[in-house]
Each structure stands twice: as C-alpha cells, then as structure tokens.
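Reader: Hi, I'm new to this one. Can you walk me through it?

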Amino acid sequence: MSPNAQFLDGHSAVLHAAEITVAAPEITIALDGDTLHWPLDRLREVPDQADSAELILAQADDPVARLITRDAALIQAIRASSPHLKKRPPARGRRRLAAWGAAAVASVAAIIFVLVPLMANQLAEILPPEGERALGDATFDQIRSALDDTGFGALRICESPDGLAALDKMQDRLTLFTDLPYPVTVHVLDHPMINAFALPGGYVVFFRGLIDAAETPEEVAAVFAHEIGHVVARDPTRIALRSAGSIGVLGLLLGDFAGGAVVLFLAERMIQATYTQEAEANADSFAHGTLAQADIKPSALATMFERLRARYGDEEGIVAHFMSHPALGDRIEAAREADAQLTAKSRSILNREEWRALQDICG
Ligand SMILES: [Zn+2]
C-alpha cells in the first residue's frame with residue numbers, strides 16, 4: 001500500500017493511513033486490513049479549511065468519518081468526478097446530539113434565551129460588586145474610544161487638580177447622607193455633548209459640554225445627584241444585563257468583560273441610556289431628596305432640564321439621556337414642586353473660585 005490520504009473513522013482520534021483510488025462510480029479506500037467504498041455522488045467536501053492544499057472529505061449521511069488528503073493529483077481526480085462535492089456536508093455529530101441531547105439542549109436554550117433576560121433584575125442584585133466594577137471599566141474605556149473623533153486612542157479624561165478638587169467637594173456633600181452600594185467614581189470627558197450618565201459599578205461620567213452649559217454649580221450638582229440616583233438603584237447594571245442579552249450575561253457571570261462586540265453595544269446603550277420612565281422618575285426624586293439634604297434647591301434640576309430643552313428642543317434622536325421620557329415638562333415641574341415640599345435651604349455648593357476651577361477642568 002502506498003498511502004495518499006489519511007482516514008479518520010470518527011470513533012477514535014487516530015488517523016489511519018489510507019490509499020485512495022478513484023474509479024467511477026466510487027472511490028476505494030484501502031486501509032491496513034480493511035477496504036471501504038464511498039460512492040462518488042455521496043462525497044462531500046468539508047469546507048472551512050485553513051489549508052487550501054488539503055481536501056477533507058465526508059460522506060453524505062455519515063456525520064463522523066473523514067478522509068484527508070494533500071495529494072494534488074488525487075484531489076484533482078476527486079473534484080473532477082464527484083458531482084455533489086460542494087453540497088452541505090453532514091454536521092459533525094448532529095445526529096448523536098439529537099439522539100441523546102435533545103432534552104439537555106432544550107433546557108440550556110431555555111435558560112439562555114428565556115430565563116436569563118427575565119432575570120436581569122435579579123442578576124443585577126447578585127452580580128458581585130467587583131463584577132460590576134469591571135463591567136463599568138470596560139464600558140468606560142469603550143465609550144472613550146468610540147467617541148474619539150481623531151480615530152486615535154481615546155477621549156481625554158479631564159483632570160486639572162483644582163477641577164477635580166471641586167468635583168470631590170461636590171460629591172462629598174451629595175453623598176454624605178447616602179448609603180451607596182459602592183463608592184462613586186466621577187469622571188469628566190473632554191467632549192462637547194451636553195450629557196452625563198452612570199455606568200455599572202458606581203461610575204458617573206460628565207461630558208464637558210454639560211458643565212459648559214450649566215450656569216451655576218448647583219445645576220451640575222443636580223445632574224450629579226440624578227446620576228447618583230441611578231447608581232444607588234443600580235440602573236446601569238440592570239440595563240447592561242438586559243441589553244447585553246444572554247450571551248453578554250453569561251459573559252458577565254463567567255467574568256469575561258472584554259467581549260468586544262457586547263461591550264461596544266453596551267457603550268452605545270449607556271450613553272443614550274434610555275431607562276424606564278419609572279427609573280428616571282426615581283432617579284429624579286432621589287436627586288430632589290439628596291439636593292435638599294445638601295442644602296441645594298431641587299429646582300436646580302429643573303433649571304438644567306430647561307437649558308437642555310432650550311438647546312435641543314423636543315427633536316428626536318437626542319443622545320442626552322435626560323431627554324428621554326418621562327416628558328421633560330413633567331420632570332421640570334416635579335423638581336420645582338420639590339423645592340416647596342422639601343423646604344430646601346440654599347447654600348452654594350462651590351465658591352466662585354471652585355466653580356471656575358470646575359469649568360476649567362479640561363484645561
Ligand atoms: Zn436618568
């Protein structure tokens with residue numbers, strides 16, 4: 001025997017030397033101590049090979065056995081005489097799977113496609129804080145590179161020391177009476193969009209545009225308080241779990257946060273963050289309470305919303321997440337009413353110098 005191919009019976013992982021001869025209507029496969037006959041019209045090429053000089057053959061209706069050859073003359077002869085070579089080859093092991101695994105497959109599928117999305121809320125509760133934090137890190141990095149116009153690197157984090165100190169002061173006053181699930185980390189990104197959002201794991205992100213648009217530090221603080229409301233409710237984690245879908249959720253549970261596509265998709269969702277009406281209303285009322293406790297009038301949130309509305313109107317496709325429902329008008333009214341209900345005192349959150357430092361945080 002002079003072998004010109006290898007044969008894999010599929011039951012063991014051993015490659016057997018084989019000599020193939022082509023003579024219509026079949027090929028003859030001579031093995032050590034055995035001879036097989038595969039009809040030419042039942043030969044199928046197994047696609048998806050890395051090596052184009054190699055031909056891998058299967059037989060229609062045989063899910064496992066394979067013939068592998070690199071013999072150019074033989075490959076040419078087989079290609080010339082096999083009419084259905086390019087038809088779909090049998091999926092490896094499909095039948096066996098069907099035989100013993102139908103029930104198992106069905107239950108796994110049910111978990112992945114039905115149960116996991118339904119459980120997004122509960123999963124948000126059980127996801128370990130480190131997991132949320134890692135998800136927040138990955139999403140934040142992704143947002144920075146996605147929004148970078150230059151196409152190089154990532155959007156700059158603004159961090160003039162005086163600006164950061166002002167932001168810290170604001171955060172301390174806002175979180176003094178708040179029970180946080182994890183410490184809040186705030187960043188300002190050098191981007192003109194008037195927006196702010198929260199990410200899983202306690203990140204609050206401002207765009208420079210929002211600070212530029214605000215006329216008082218209290219307006220920035222009001223937005224800050226609203227975002228802390230999302231953090232406390234763990235809305236970003238919840239929306240991430242729901243948006244990422246099952247595959248993403250499995251990734252989260254298995255600790256794989258770097259799964260590119262999922263994270264990119266999440267980054268988009270986070271910036272646009274369309275939470276439910278209920279989540280927005282809750283974050284607003286959290287902000288009202290927090291602001292009042294910090295001696296800031298909750299109506300600062302109304303003022304900020306009015307600026308947004310004046311700037312953007314009610315047009316569709318606004319990226320700022322504040323522009324989502326419930327109707328901005330109602331939210332403005334609610335913030336104004338909170339002034340009276342909570343009898344908020346008024347004490348400026350930053351002095352003039354600190355406010356200027358915050359406005360210059362991007363240099
Ligand atoms: Zn919100």
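Author: The protein has 13 helices and 11 strands. Helices (H or I, at least four residues) and strands (E, at least two) are DSSP runs, numbered from the N terminus. This is a predicted model, where local features need pLDDT of at least 70, side-chain atom pairs count only at pLDDT 80 or more, and totals for chains, interfaces and linings use all residues. Residues are numbered from 1 along each chain as its sequence is written, and side-chain values use heavy atoms, with hydrogens and water left out.

Reader: What percentage of the 363 residues is buried?

Author: Buried residues make up 48%. Buried means under 20% relative accessible area, exposed over 50%, and partly exposed in between (1.4 Å probe, protein chains only).

Reader: Which residues touch the most other members of the largest nonpolar core?

Author: They are M170, L174, F206, F224 and L358, in a core of 45 residues. A nonpolar core is a set of buried Ala, Val, Leu, Ile, Met, Phe, Trp, Tyr and Cys residues joined through side-chain atoms within 4.5 Å. Helix α7 (residues 217-233) gives the largest share of this core, 8 residues. Another core, of 18 residues, lies apart from it, with A5, I20, L67 and L85 among them.

Reader: What is L358 in contact with?

Author: Leaving aside neighbours within four places in sequence, L358 contacts G163, A166, L167, M170, I211, V220 and L350. Contact means heavy atoms within 4.5 Å.

Reader: New topic. Where does I349 lie?

Author: I349 is in the loop between α12 (328-341) and α13 (352-359). It is buried, with a relative accessible area of 1%. Not counting residues up to four places away in sequence, I349 touches K169, M170, R173, L174, P217, E218, A221, I296 and E354. The C-alpha atoms of I349 and Q171 are separated by 9.9 Å, though these residues are 178 apart along the chain.

Reader: OK, rings. How many aromatic pairs are there?

Author: The structure holds 4. Rings of Phe, Tyr and Trp (its six-membered ring) pair if their centres lie within 6.5 Å; planes under 30 degrees apart count as stacked, over 60 as edge-to-face and the rest as tilted. One of the pairs is F140 with Y203, stacked at 6.0 Å centre to centre with 5° between the planes.

Reader: Why does that pair tie together separate parts?

Author: F140 lies in helix α4 (residues 129-146) and Y203 in strand β11 (residues 203-207), so the pair joins parts 63 residues apart in sequence. F140 is buried at 5% relative accessible area, and Y203 is buried at 6%.

Reader: And F197 with F207, is that stacked or edge-to-face?

Author: Edge-to-face, because the planes are at 70°, with the ring centres 5.6 Å apart. F197 is in strand β10 (residues 196-199) and F207 in strand β11, 10 residues apart. Both F197 and F207 are buried.

Reader: What sits over the ring of Y203?

Author: The charged end of R133, 4.5 Å from the ring centre. A charge sits over a ring if NZ of Lys or CZ of Arg is within 6 Å of the ring centre and within 35 degrees of the ring normal.

Reader: Last one. Which residues of helix α1 are buried?

Author: In α1 (residues 72-81), they are L74, I75 and I78. They fall within an arc of 100° seen down the axis, so they line one face of the helix. The arc is that of the directions from the helix axis to the C-beta atoms. On the other side of α1, A72, A73, Q76 and A80 are exposed.
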